[in-house]
Amino acid sequence: MKIVVLDGYTLNPGDLSWSELEAQGETTVFDRTPADQTISRIGDAEIVLTNKVLITREVLQGCPNLKYVGVLATGYNVVDTIACSEKGIVVTNVPAYSTPSVAQLALALLLELTHHVGLHSDGVRSGKWSNCIDFCYWDTPLVELAGKTMGVIGAGRIGSEVLKIAEAFGMRTLFHDPTREGSIDLDGLLKTSDVVSLHCPLTDANKGLINKVTLAQMKPSAFLLNTSRGPLVVDQDLADALNEGRIAGAGIDVLSIEPATADNPLIKAKNSIVTPHIAWASLAARQRLMNIAASNVASFIADSPHNVVS
């Protein structure tokens, strides 16, 4: 079978191997694919893998040989799954590959917010400690996590891992997830938590979940973390809350529009840390993604597809 990878660079910028996928058939890998070249690059291939390149109804119509779409991610909103189902095209995703890495970054953002390690390291390098009349100094309040409350919205694999790590820091833990026993209501979580961490999927119902109304329920001393999906947060509302001191800080790995636009208000908001959607991108996580994606293809070829979402 012919296999085409439309945008392989983010998964594999050169530190992984495509060999497991190449063993499944004649494989062509493109680093990136502009939208107007999607159809021509898929050509007569039966199998296509995509991360962020859109597979629309129009693309499907222009690629009549296509039998399988593999998404190189957990979220699969880049694929018109309804059109694929109509045409009998199998769509798969890669679930659960990044759980440890995403949870780790969520806590890394929190630790930076509570101790400002980078700021103090830069100060030492600039000579501030050498010129200090005391044996030490600190430029920001230093916040101890033990005894604080971690509230997680969405207690699936990643949210549960964050709760486990928070408990290791001596934090009290709460979660809001209507699918799980022990969930508390959202209002109660927002009002009680010292840290609110988002780990829920993006749906029509929860788009803009964190907005001026919900932010107003949080403690002025609380931190918000988002390593889930950018549109869960109304960027301007969060920036306003930060700039006005209505919450203490935010650690953000995802934004409503990506790549970030230069005028996104969170980039320059007070007490905000914004990273470029890297929670998923550790070498270990990307290797797991590669392995599962190749296994998905092999299972499809063997007529026993796994991780089907269409």
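With which residues is Ile247 in contact, leaving aside its neighbours within four places in sequence? In this predicted model, Ile247 is in contact with Leu215, Met218, Lys219, Pro220, Ala222, Leu224, Leu238, Ala241 and Leu242, contact being defined as heavy atoms within 4.5 Å. Local features were required to have pLDDT of at least 70 and side-chain atom pairs to have pLDDT 80 or more, whereas totals for chains, interfaces and linings use all residues of the predicted model. Residues are numbered from 1 along each chain as its sequence is written, and side-chain values use heavy atoms, with hydrogens and water left out.

Ile247 belongs to the largest nonpolar core, which holds 25 residues. Such a core is a set of buried Ala, Val, Leu, Ile, Met, Phe, Trp, Tyr and Cys residues joined through side-chain atoms within 4.5 Å; buried denotes under 20% relative accessible area, exposed over 50%, and partly exposed the range in between (1.4 Å probe, protein chains only). Together with Ile247, the members that touch the most other members are Ile153, Val196, Leu198, Met218, Leu224 and Leu238. Two or more residues each are given to this core by helix H8 (186–192), strand E8 (195–198), helix H10 (235–243) and strand E10 (249–252), where helices (H or I, at least four residues) and strands (E, at least two) are DSSP runs numbered from the N terminus. H10 provides the largest share, four residues. Another core, of 22 residues, lies apart from it and includes Leu105, Ala106, Val162 and Ile273.

Within H10, the residues Asp235, Asp237, Leu238, Ala239, Ala241 and Leu242 are buried. The buried residues of this helix pack against helix H9 (212–215), strand E9 (223–226), E10 and strand E11 (272–274). Gly245, which follows H10, has a positive phi near 70°.

An open sheet of five strands shows the order E2-E1-E3-E4-E5 with parallel pairing; two strands are taken to pair if DSSP finds at least two bridges between them. Strand E2 (26–29) and strand E5 (90–92) stand at the edges with a single partner strand each, so one side of each is left without a neighbour in the sheet. On average, neighbouring strands are turned by 15° against each other, direction ignored. Axes are lines fitted to C-alpha atoms, for helices over the stretch in contact, and angles run from 0 to 180 degrees between N-to-C directions. Strand E1 (residues 2–5) pairs in the parallel sense with strand E3 (residues 47–50) over three bridges; Ile3 has Ile47 as its bridge partner in E3, and Val5 has Leu49. Helix H11 (residues 283–301) packs on the sheet and touches E1, E3, strand E4 (68–71) and E5, its direction making about 160° with that of E3. E1 also pairs with E2 in the parallel sense, over four bridges, with Glu26 of E2 as the bridge partner of Lys2.

Leu6 is placed in the loop between E1 and helix H1 (19–22) and is buried, with a relative accessible area of 0%. Leu6 and Thr28 are 22 residues apart in sequence and 8.5 Å apart in space, C-alpha to C-alpha.
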